[in-house]
Amino acid sequence: MFRNQYDTDVTTWSPAGRLFQVEYAMEAVKQGSAAIGLRSKTHVVLGCVNKANSELSSHQKKIFEVDDHIGVAIAGLTADGRVLSRYMRNECINYSFTYESPLPVGRLVVQLADKAQVCTQRSWKRPYGVGLLVAGLDESGAHLYYNCPSGNYFEYQAFAIGSRSQAAKTYLERRFENFTDSSRDDLVKDAIMAIRETLQGETLKSSICTIAVVGAGEPFHVLDQGTVQQIIDTFETAAEQEDPATEPDAATGQEAAAEQGTAADHGGSTDEGAAPMDI
Amino acid sequence: MASSGFQADVKALQKHLAARHLIYQHQHNKQMSCPAMAQLLSNTLYYKRFFPYYSFNVLGGLDNEGKGCVFTYDAVGSYEKVGYSSQGSGSTLIMPFLDNQLKSPSPLLLPARDAVTPLAEAEAIDLVKTVFASASERDIYTGDKLEIVVINADGIRREYMDLRKD
């Protein structure tokens with residue numbers, strides 16, 4: 001993306017019908033460290049890569065509990081993510097207070113999306129520079145949503161955002177058809193393996209990744225490091241035998257298979273003509 | 001928190017505190033200690049000093065060291081940490097009995113004991129049951145059923161006992 005005369009203000013359209021500030025905000029999401037999410041019929045798992053600025057500092061928190069039944073993983077400007085999590089928590093608390101029942105996930109993401117849209121239409125504001133993977137459970141089942149800085153949101157079976165997320169998306173694309181009926185433990189394993197794909201060679205340790213689960217009868221919580229390390233150990237040894245098993249069963253219908261998955265991905269940097277928000 | 005008075009205000013107060021507790025847990029990553037909740041309850045009640053919650057409360061729980069504490073309130077938030085207390089209808093019958101059993105005799109004669117009542121858990125539960133059974137005899141509003149909430153290091157559990165139904 002090149003600088004041009006239409007990108008100073010969020011309230012300025014380009015002649016091609018694009019809002020460059022919003023697209024730049026989506027670039028910020030791509031710069032953040034990876035976060036992934038996947039769901040089955042009864043559980044949703046979120047995972048993220050813990051990136052610290054230096055060896056001396058701690059890593060930033062990227063997974064937040066919003067309520068017993070909802071959690072969020074963020075990528076991009078973590079400060080914006082923190083503020084939005086606080087908003088989400090407040091909304092959940094207010095809803096439970098008024099209606100004595102948990103806020104349906106679909107409502108929350110719409111509210112979030114509307115909040116993000118406001119920032120794309122005010123000259124004194126800027127878009128939120130954070131992408132949110134919202135994982136939650138409600139009466140209609142398990143859900144995973146992705147909220148963009150543009151104010152769009154989509155529901156996914158599995159998704160990955162942030163830097164090097166394409167590798168994780170490829171992994172998830174190959175296997176997402178099996179996720180609906182996966183057991184909780186298999187889902188967690190798949191999440192960790194998807195994270196491993198984004199690390200691209202770095203050794204996978206529990207200190208590098210954070211995994212959180214929400215499911216039927218299981219309130220949202222972050223798995224502790226010991227548990228995660230155990231799971232990593234179980235398949236690290238079997239990793240070599242695992243590779244032949246992941247032959248692409250979606251080889252034939254790959255385009256169709258990716259309908260929910262990664263349509264958004266290639267729009268930004270390579271293709272100048274297409275407007276990424278037109279998904 | 002045990003409350004007596006106008007039930008809608010009691011419910012509203014409990015929901016308000018539950019919401020504040022959840023916010024605290026999100027911000028501090030831990031449960032509120034009883035003394036912290038005690039101050040919060042007092043502030044919440046005083047906030048409506050000129051249109052009060054018609055609710056008479058007794059708060060019980062564990063402090064940061066794991067020791068038990070009891071706080072007693074009036075409707076507008078004045079509170080005190082005590083070893084034991086009762087509020088609501090029947091408290092006029094119950095309080096003197098608790099004083100008799102639990103309060104140290106004249107502090108002038110003996111070294112004053114601290115506020116924590118020196119009872120074992122089973123003894124305390126038994127005392128509560130006795131006290132309510134007695135109050136049900138003479139107070140027309142006390143009766144039907146008793147719910148006892150026991151909070152200790154292992155967690156929270158509830159016990160129920162039937163009282164006189166008249």
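**Figure 1. Between chain B and chain A, 1 salt bridge is counted.** A salt bridge is a side-chain nitrogen of Lys or Arg within 4 Å of a carboxyl oxygen of Asp or Glu. B:Lys15 and A:Glu100 form a salt bridge, with their closest N and O atoms 2.9 Å apart. The model shown is predicted: local features need pLDDT of at least 70, side-chain atom pairs count only at pLDDT 80 or more, and totals for chains, interfaces and linings use all residues. Residues are numbered from 1 along each chain as its sequence is written, chains are lettered from A and ligands numbered from 1 in the order in which they are written, and side-chain values use heavy atoms, with hydrogens and water left out.

**Figure 2. The interface between chain B and chain A buries about 770 Å².** This buried area is the accessible area (1.4 Å probe) that two parts lose on being put together, summed over both. Carbon and sulfur atoms give 59% of the area. Of what chain B buries against chain A, 65% is supplied by B:Lys15, B:Leu22 and B:His26. In contact (heavy atoms within 4.5 Å) are 9 residues of chain B and 9 residues of chain A.

**Figure 3. The largest nonpolar core has 30 residues.** Such a core is a set of buried Ala, Val, Leu, Ile, Met, Phe, Trp, Tyr and Cys residues joined through side-chain atoms within 4.5 Å; buried means under 20% relative accessible area, exposed over 50%, and partly exposed in between (1.4 Å probe, protein chains only). Among the residues with the most contacts inside this core are A:Ile36, A:Leu172 and A:Val188. Helix 5 of chain A gives the largest share, 8 residues; helices (H or I, at least four residues) and strands (E, at least two) are DSSP runs, numbered from the N terminus. Beyond its neighbours within four places in sequence, A:Val188 is in contact with residues including A:Val45, A:Ile211 and A:Ile231.

**Figure 4. A:Asp80 and A:Arg126 meet in a salt bridge through their side chains (2.9 Å, N to O).** A:Asp80 belongs to helix 2 (residues 78-99) of chain A, and A:Arg126 to the loop between helix 3 (105-118) and strand 5 (130-138), so the pair ties together parts that are 46 residues apart in sequence. A:Asp80 counts as buried, at 9% relative accessibility, whereas A:Arg126, at 47%, counts as partly exposed.

**Figure 5. The side chains of A:Glu155 and A:Arg39 meet in a salt bridge (3.1 Å, N to O).** A:Glu155 lies in strand 7 (residues 153-155) and A:Arg39 in strand 1 of chain A, 116 residues apart. A:Arg39 counts as buried at 13% relative accessibility.
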